[in-house]
Amino acid sequence: FSAATDTKRFHFNLEWEEVTRLCHTKSLLTVNGEYPGPTIAVHEGDHVEVKVTNRITKNTTIHWHGIRQYRTAWADGPAYITQCPIKGGQTYTYNFSVADQRGTLFWHAHFSWQRASVHGAFIIYPRLPYPFSPKIEAEIPIIFGEWWNADVDAVEGEMIYGGGPNSSDAYTINGLPGPLYPCSAKDTFIQAVEPGKTYLLRIINAALNDELFFAVANHSLKVVEIDAAYTKPFSTPAIMIAPGQTTNVLLQTNRAPDPSGMFPMAAAPYLTSNFPFDNSTTLGFLKYKGPNSSDRRTEPSVVVPNLPKMTDTTFATKFSDKLKSLATPQYPCRVPKAIDRRVITTISLNLQDCPPNRTCKGYAGKQFFASMNNQSFVRPLMSILEGHYKNLTTSKMLSSTFPERPPKVFNFTGVDPLTENMNTEFGSKLLVVPFGTNLEIVLQDTSFLNAENHPIHVHGHNFFIVGRGFGNYDANVHPAGYNLVDPPERNTVAVPAGGWAAIRLKADNPGAWFIHCHLEEHTTWGLAMAFIVRNGPGPSQVLLPPPDDLPSC
């Protein structure tokens with residue numbers, strides 16, 4: 001137990017590194033030449049300083065995903081929301097404290113699609129012992145990612161023609177694709193374990209565009225934490241994890257291994273979309289140590305029978321339904337019981353008419369976009385937070401007129417995906433709320449193009465998922481069924497395909513905050529918005545002034 005606050009300092013160099021996977025060698029964007037990037041490990045209550053030096057010619061920023069950034073929005077990282085990007089050759093130091101948070105989070109680049117390879121674990125060790133038993137033998141970080149043989153910038157660049165991006169060529173576990181991919185047997189994650197012990201797996205989905213199922217053959221997983229918030233423990237044969245989410249599970253090494261001594265573990269996509277996608281499986285192994293473990297010649301199995309089928313929405317739904325806050329006196333569930341404001345927003349894919357004299361590669365010669373309440377988010381040419389801080393309300397960009405209801409009410413999840421459509425509007429309208437507002441946001445999927453499971457991430461605040469369902473949200477019916485006792489606390493919610501999710505948060509962190517889909521292709525298309533929390537009345541309830549080295553646009 002240590003109550004003293006330490007400052008932990010890290011130095012990130014953003015640099016190109018030659019990396020080979022799937023027999024393709026390419027220059028990969030990395031931090032400190034590592035892929036995945038270095039782990040940041042701190043203790044609850046620590047102050048953190050990360051000096052980021054951009055050694056490439058492109059812009060960059062780093063986001064500390066799930067870190068609350070109380071009063072330090074300047075360190076949150078999303079480009080043009082809380083800061084201008086760090087230009088080539090420049091350095092910016094992210095300064096923030098990790099208060100009242102513990103568990104597994106991660107960090108990643110927050111500029112264009114750089115997070116494909118620029119990401120790593122962010123681990124916060126608790127001040128108090130874990131609220132679960134038994135004793136943990138070791139902790140194992142497991143980061144899921146996606147690998148493209150092509151240059152990721154080029155994949156993203158294709159989208160300017162209004163088409164969809166090329167899917168990735170492989171999923172990875174800790175940067176390694178595993179034996180089911182071409183010439184990748186040598187690039188396989190293998191974790192040695194002792195029989196009869198309990199291990200804590202810290203699982204992070206850092207993939208760009210895919211929700212994943214994960215399982216270990218013949219072992220059950222006990223979920224104890226999601227998005228750095230403790231849960232009521234429950235055992236499950238597999239987990240579903242969306243991009244931007246983290247899940248801590250306990251694994252007991254209590255199975256008798258076959259002659260190879262190995263159990264495969266696998267991650268494969270959970271599919272709710274008709275868009276082309278990477279239909280493949282990344283495989284690693286748990287290797288039981290034993291008296292004769294070194295001379296085993298038997299080929300291990302690559303079958304994980306407890307991995308759900310790709311379209312198993314029933315499993316994904318039941319799994320999500322089991323997630324509950326711990327809600328003990330020590331770790332209370334601070335869900336707002338009453339609300340000051342309810343915002344209902346559609347989350348849509350859109351098929352936009354092609355402008356004259358342009359080539360569009362989307363469906364039927366149109367362009368793909370995405371929107372919230374038919375507003376497709378366009379990043380401004382300056383930082384929203386800076387504009388807010390300097391009170392530049394004169395600029396049209398900072399209009400506080402984000403619509404709090406869908407502009408047109410229709411059968412959101414019942415429209416024909418391809419024949420019915422709405423052209424979206426473009427801009428960066430903001431939702432502005434006073435400090436301390438108890439805010440409910442209802443996220444309503446639509447079936448334009450296709451109903452799809454969208455992982456929506458909120459910056460600067462954790463929230464509580466008080467309700468979820470399929471079909472259309474009804475404000476007269478559904479709130480009666482909310483869980484206001486022990487709803488799960490998260491920073492990223494997977495909104496059910498063809499359904500809705502209601503989240504509640506106390507907007508008590510002054511600043512400008514991004515809300516967006518954590519499927520990178522959807523954010524590129526505009527599935528995002530920003531909200532402003534005004535300063536509170538007290539001296540400790542105001543945004544701190546910007547740091548001297550804040551980059552300029």
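Reply: Let's start with Cys 23, which counts as exposed at 57% relative accessibility (exposed means over 50% relative accessible area, buried under 20%, and partly exposed in between, using a 1.4 Å probe and protein chains only). Keep in mind that this is a predicted model, where local features need pLDDT of at least 70 and side-chain atom pairs count only at pLDDT 80 or more, while totals for chains, interfaces and linings use all residues. Residues are numbered from 1 along each chain as its sequence is written, and side-chain values use heavy atoms, with hydrogens and water left out.

Now the pairing. The structure has 2 disulfides, a disulfide being a pair of cysteine sulfur atoms within 2.5 Å. In one of them, Cys 23 pairs up with Cys 183, with 2.1 Å between the sulfurs. That ties together distant parts of the chain, 160 residues apart: Cys 23 sits in the loop between strands S1 (7-21) and S2 (24-31), and Cys 183 in the loop between strands S10 (170-173) and S11 (190-193). Strands here are DSSP runs of E, at least two residues, numbered from the N terminus. As for Cys 183, it's partly exposed at 36%.

Then there's Cys 84 with Cys 553, sulfurs 2.0 Å apart. The link of Cys 84 and Cys 553 is left-handed, at -100° about the S-S bond. Again distant parts of the chain get joined, 469 residues apart: Cys 84 lies in the loop between strands S5 (62-65) and S6 (91-97), and Cys 553 in the segment after strand S32 (528-533). Cys 84 is buried, at 2% relative accessible area.

Terms used:
Helix = DSSP H or I, 4+ residues; strand = E, 2+ residues; numbered from the N terminus.
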